[in-house]
Every structure is written in structure tokens, then in C-alpha cells.
Amino acid sequence: MSKPEVNIWTDGACLGNPGPGGWGVLMQWNGHRKEAFGGEAETTNNRMELTAAIEALALLKQPCRVHLVTDSTYVKDGITQWMAKWRANGWRTANKKPVKNKDLWQKLDVLVAQHDIEWAWVKGHSGHPENERVDDLAREAAIEISRQQPL
């Protein structure tokens, strides 16, 4: 039996870096569409970009063939070029320094192993409708988190 195919778009946003942040996900499969979003009170843009990919893959209920689109070169390059080396080096960079956001990279690593994923990059804020939508979700989540913060 072939694996279901799903298209996923992800984005992260931060109001300040660090600051309140949000992530957004749009998934499309077999004529269906799902959006998800969330945020954290004190985070960074890179952490929200990673969290968006993690949350998207965690929503999948079975192994899938995934086309995942991000506007983050950090996420795309990290997953396609750097992560295997980091893992082999005990989660250290080529300069022997600890990998930043190791906790999230490790979560992503586990989820990626469950699916066949094609990673793609799209330029942010370039009019790509799905990327614009996940950007809106991420920004709205960050704004909502910031409103919940005490003055």
C-alpha cells in the first residue's frame, strides 16, 4: 500500500529576537486542508521555524510522503545538509561547538525518520499564497502571545 501524500507549508515568526514568537502550519492532502498554529512567550525566530516543522510532522497520523515547504534556509539547510554531520559528531558543529536548538533538531530528527520527505524552500514575503498564509498564522500567534504577557 502506498503512503498518503501531503503538502505542508510552515513558518515561524518572532516579535523581537528573542521575544514572543509564533509558528504556523498549512497542510493539504486528498482534497483536505488543515491549519495549525501556536507560540511561546520567549523564543527566537529560528526556534519557531523549527517548531512549525515539528508540529506539522507530529500531526501526521501515519507514515506519509511529504512535500514540506519552508521559507527558512536555516531549517532546510539544517535538515538536508547539516543534521547528519551533527548527529555523527555527538550534536556538535564542525567547530566542535554544541548545536544551537539541539532539543528541537533532535525532535525533528525523530519525526523525519517516520516519513519520506522532500524539503523545499520558497522566498518569504514573495506572494506565494500558502507561504503568506502560514506567515499570517505565525505572526498572529506571536501577537496573541505578546498580548498575554504582563506589562
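This is a predicted model: local features need pLDDT of at least 70, side-chain atom pairs count only at pLDDT 80 or more; totals for chains, interfaces and linings use all residues.
The largest nonpolar core has 31 residues. Those with the most contacts inside this core are I8, L57, V66, W105, L108 and W119. At least two core residues come from each of strand 1 (5-14), strand 2 (19-29), helix 1 (45-59), strand 4 (65-70), helix 2 (73-88), helix 3 (102-112) and strand 5 (116-121). Helix 1 gives the largest share, seven residues. Another core, of six residues, lies apart from the largest one; L26, V69, A120 and V134 are among its members. In soluble globular proteins, nonpolar side chains tend to be buried together.

An α-helix has 3.6 residues a turn, so residues three or four places apart point the same way. Leaving aside neighbours within four places in sequence, W105 is in contact with L50, Y74, V75, G78, I79, M83, W86, W91, V99 and K100.

| Residue | Relative accessibility | Class |
|---|---|---|
| C14 | 18% | buried |
| C64 | 6% | buried |

C14 counts as buried because its 18% relative accessibility is under the 20% cut-off. C64, at 6%, counts as buried as well. A search of the whole structure finds zero disulfides.

How values were computed: Residues are numbered from 1 along each chain as its sequence is written. Side-chain values use heavy atoms; hydrogens and water are left out. A disulfide is a pair of cysteine sulfur atoms within 2.5 Å. Buried means under 20% relative accessible area, exposed over 50%, partly exposed in between (1.4 Å probe, protein chains only). A nonpolar core is a set of buried Ala, Val, Leu, Ile, Met, Phe, Trp, Tyr and Cys residues joined through side-chain atoms within 4.5 Å. Helices (H or I, at least four residues) and strands (E, at least two) are DSSP runs, numbered from the N terminus. Contact means heavy atoms within 4.5 Å.
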